[in-house]
There are 2 protein chains.
Amino acid sequence: MSALPDIQLALRPGIVEFGWGHPAAELLPVDGLAAATAAALAAGPNALAYGAEQGPGRLIAALAAWLERQEGQPVTAERIFVTAGVSSGLDLLCGLLTRPGDTALVEAPAYHLALRIFQDCGLELIPVAADAAGLRPDALGQALETLQASGRSPRFLYTTPTFGNPTGICLAAERRAAIVALTEAANCVVLEDDVYRSLWYDAPPPPPLAAYGRTEGVIRLGSFSKILAPGLRLGWLSASPEIVQRCVLSGVLDSGGGQSHFAAHVAAAFMAQGRLEAHVAQLRAAYQARRDTLLAALAYYLPGDCAWLAPGGGFFVWVRLPEGMDSAAFLPLAEAHGVSFVPGARFAPGGGCSDYFRLAFSLLAPAEMALGAERLGRAINAARVRRPPAA
Amino acid sequence: MSALPDIQLALRPGIVEFGWGHPAAELLPVDGLAAATAAALAAGPNALAYGAEQGPGRLIAALAAWLERQEGQPVTAERIFVTAGVSSGLDLLCGLLTRPGDTALVEAPAYHLALRIFQDCGLELIPVAADAAGLRPDALGQALETLQASGRSPRFLYTTPTFGNPTGICLAAERRAAIVALTEAANCVVLEDDVYRSLWYDAPPPPPLAAYGRTEGVIRLGSFSKILAPGLRLGWLSASPEIVQRCVLSGVLDSGGGQSHFAAHVAAAFMAQGRLEAHVAQLRAAYQARRDTLLAALAYYLPGDCAWLAPGGGFFVWVRLPEGMDSAAFLPLAEAHGVSFVPGARFAPGGGCSDYFRLAFSLLAPAEMALGAERLGRAINAARVRRPPAA
């Protein structure tokens with residue numbers, strides 16, 4: 001009867017699929033969420049009613065405590081809005097902050113599917129270059145100046161400064177301070193996509209961007225997708241009370257009530273049962289082992305003229321191919337060798353990155369990743385053999 | 001700790017709140033949904049993964065069978081898209097079909113919070129008059145002609161032809177055919193808000209608008225909010241495969257996967273357990289009793305120069321005040337008498353309806369509604385005493 005798939009993930013037999021930045025199915029806390037749902041419904045029908053527009057008070061209170069522990073500074077409930085995940089949150093914010101034809105700045109490279117959301121909203125995207133240490137303050141300053149000189153002001157800057165997708169880079173504290181100073185001076189809102197913050201493997205990351213300024217200009221987006229379960233379609237944003245109220249007062253919330261309300265009650269029960277801290281600790285250990293396996297396998301199997309940085313957290317390794325190779329052109333050969341990835345150009349709003357590709361280590365078991373790295377190495381060498389010699 | 005509310009409903013002590021078009025808490029199937037969630041999670045982690053963009057195949061298959069029984073004609077899976085409720089579906093469709101500044105036609109009066117969603121999207125709304133039999137084909141024809149004469153074409157017509165909010169009117173088959181013919185001739189998409197179809201109390205309604213034409217021009221929106229639980233934030237739309245694919249391919253779906261994915265698995269399990277038909281039958285009986293109580297109480301307590309139609313389904317009774325009374329101006333006095341409602345002007349995109357108000361019979365227990373009607377009658381008489389005599 002059910003010919004259509006239930007889930008988004010579509011694995012092809014015989015291919016090591018490094019392309020999917022999804023959590024591993026075996027790391028989803030099925031039993032814990034079943035217990036949390038039972039508790040949420042045992043408390044009565046509130047989890048099934050139209051939800052408070054800002055999100056259920058019980059989840060907001062739990063998030064405020066969670067964010068306070070994470071940030072080491074007070075977080076008040078009036079600064080938190082519950083979303084249906086970061087994608088939905090970005091879409092809602094674009095509706096509130098922008099109109100088609102508006103300009104926005106995006107870190108380059110950036111999460112490719114966020115770019116699609118912005119493009120659907122009709123935004124003109126202006127890339128701001130990052131280097132091996134993350135978003136470059138000098139490039140940001142230049143972009144802001146250029147826009148100002150032509151009488152335009154960007155509606156926001158989108159960035160993932162902490163173990164970003166696709167690069168895995170964690171922006172240093174000094175750059176965070178410089179970027180916040182620049183955007184504050186230009187009166188440019190920052191959308192800080194911060195979904196990987198809890199998934200650090202070596203050392204905790206620096207505080208979020210809002211900690212480096214007056215905080216009113218930063219909207220930070222978090223999510224349960226990476227630390228609990230993406231199917232819940234549940235996240236949050238922390239922002240000024242004014243931004244929170246603009247979200248709360250939008251027509252779609254007025255009509256339907258709070259987003260992902262049932263899932264929000266389930267997550268609140270999961271947190272009330274004290275399960276989240278332990279679960280995240282378990283995820284950190286599991287993903288760290290996967291990252292270490294992948295990095296070791298890349299070092300062993302990839303040719304010496306490939307390059308990558310060891311990510312301190314998150315889901316991804318960003319690999320540079322040997323000089324002259326194009327990752328999109330290389331993909332069919334790689335897949336013929338039984339390994340896949342996402343070509344770098346998809347993350348580059350202004351072009352470029354065609355010699356890079358993104359590997360996700362979140363989905364695959366360690367043994368599979370070692371096999372995939374070996375196939376990648378063979379495919380790169382095969383591509384090299386096929387290339388004409390330099391003139 | 002949790003100072004903020006969990007749910008949207010905010011009842012004031014001492015007031016009979018006819019204003020909220022919410023399902024009654026005691027009619028939410030808490031135990032059935034707990035069993036369905038347990039079953040959905042016992043099947044493995046798929047309910048927690050990123051969902052298929054179109055919605056889980058298992059829910060789409062169940063919906064196809066459900067809609068087929070309802071419509072008496074085949075419904076294929078490729079025509080169904082799972083939404084996060086009608087509000088979210090309308091917002092998504094506005095993003096796909098419109099740009100700010102575009103024009104849309106809306107039945108008048110219409111669901112006031114849908115109007116807010118359209119206004120948030122920057123649409124110019126042109127009202128099309130309804131009478132006691134629902135949307136008027138002659139008014140629609142005139143509106144389409146006027147627009148065409150000025151070189152504009154509306155992006156869509158929004159209507160709730162079946163036990164509509166706020167009027168409760170069910171459009172007759174002949175008008176359905178006429179409206180579809182007019183919109184097809186004008187190449188104007190129809191957004192048919194059909195959330196009350198299953199909640200009929202006297203006789204099943206005529207088929208949906210799509211049954212009266214080539215079906216490609218009608219997007220019909222359904223929801224689990226009224227027949228299962230609004231907190232699930234779960235609905236569907238049935239449309240041409242092309243519209244379904246445009247929804248599927250939107251950036252926000254590509255990024256976050258299917259909407260309300262966990263809730264969708266819970267609803268699919270509820271349907272697979274055979275619970276939905278029996279639950280809807282129970283709702284019909286319960287809401288019919290509430291409707292009958294309210295209508296009897298209105299007939300008993302309201303002055304003879306008030307008027308209303310007996311709705312054959314849905315949640316609402318649309319009441320006209322005695323001549324010269326304004327419902328918004330009357331509301332404070334009504335609340336001072338311990339009864340509340342939504343003034344009619346809020347449902348009127350082009351003005352008017354100020355002598356009407358909307359009563360919801362979905363939320364309140366029968367005894368409370370009788371008390372509310374009695375208070376309404378006293379308040380209306382009190383307002384009459386206060387009014388200056390006619391010159």
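Start by selecting A:C121 and showing its sulfur: the closest cysteine sulfur belongs to A:C94 and sits 4.2 Å away, too far for a bond. A disulfide here needs a pair of cysteine sulfur atoms within 2.5 Å. A:C121 has 15% relative accessibility, so it counts as buried; the scale runs buried under 20% relative accessible area, exposed over 50% and partly exposed in between, with a 1.4 Å probe and protein chains only.

Two notes on the numbers before moving on. This is a predicted model, in which local features need pLDDT of at least 70 and side-chain atom pairs count only at pLDDT 80 or more, while totals for chains, interfaces and linings use all residues. Residues are numbered from 1 along each chain as its sequence is written, chains are lettered from A and ligands numbered from 1 in the order in which they are written, and side-chain values use heavy atoms, with hydrogens and water left out.

Now jump to B:C170. Its sulfur is 19 Å from the closest cysteine sulfur, the one in B:C353, again too far for a bond. B:C170 is partly exposed, at 26% relative accessibility.

Next, color the largest nonpolar core, which has 222 residues. Such a core is a set of buried Ala, Val, Leu, Ile, Met, Phe, Trp, Tyr and Cys residues joined through side-chain atoms within 4.5 Å. Those with the most contacts inside it are A:F118, A:F224, A:F330, B:F118, B:F224 and B:F330. Zoom in on B:F118: leaving aside neighbours within four places in sequence, its contacts (heavy atoms within 4.5 Å) include B:L90, B:C94, B:F156 and B:Y158. Apart from this core lies another, of 18 residues, with A:A139, A:A143, A:I179 and A:L209 among them.

The largest pocket has a volume of about 1,000 Å³. On a 1 Å grid over the protein atoms alone, a pocket is an open set of points with protein on both sides within 12 Å along at least five of seven lines, a cavity is a set where a 1.4 Å probe fits but cannot get out, and lining residues have an atom within 4 Å of a point. Grid points are joined across faces, edges and corners, and a volume is the space filled by probe spheres set on the points.

To center your view, pick A:D91, A:L92, A:G95, B:D91 and B:L92, the closest to the pocket's centre of the 47 residues that line it. Then highlight helix 3 of chain A, which gives the most to this lining, with eight residues; helices (H or I, at least four residues) and strands (E, at least two) are DSSP runs numbered from the N terminus.

The second largest pocket holds about 760 Å³ of space. Closest to its centre, of 41 lining residues, are A:D254, B:W20, B:H22, B:H112 and B:L113.

Last stop: A:E107, found in strand 3 (residues 103-108) of chain A. Buried or exposed? A:E107 is buried, with a relative accessible area of 9%. Show what it touches: not counting residues up to four places away in sequence, A:E107 meets residues including A:V128, A:L135, A:T160 and A:P349. Finally, draw a line between the C-alpha atoms of A:E107 and A:P161, which are 54 residues apart along the chain and separated by 9.1 Å.
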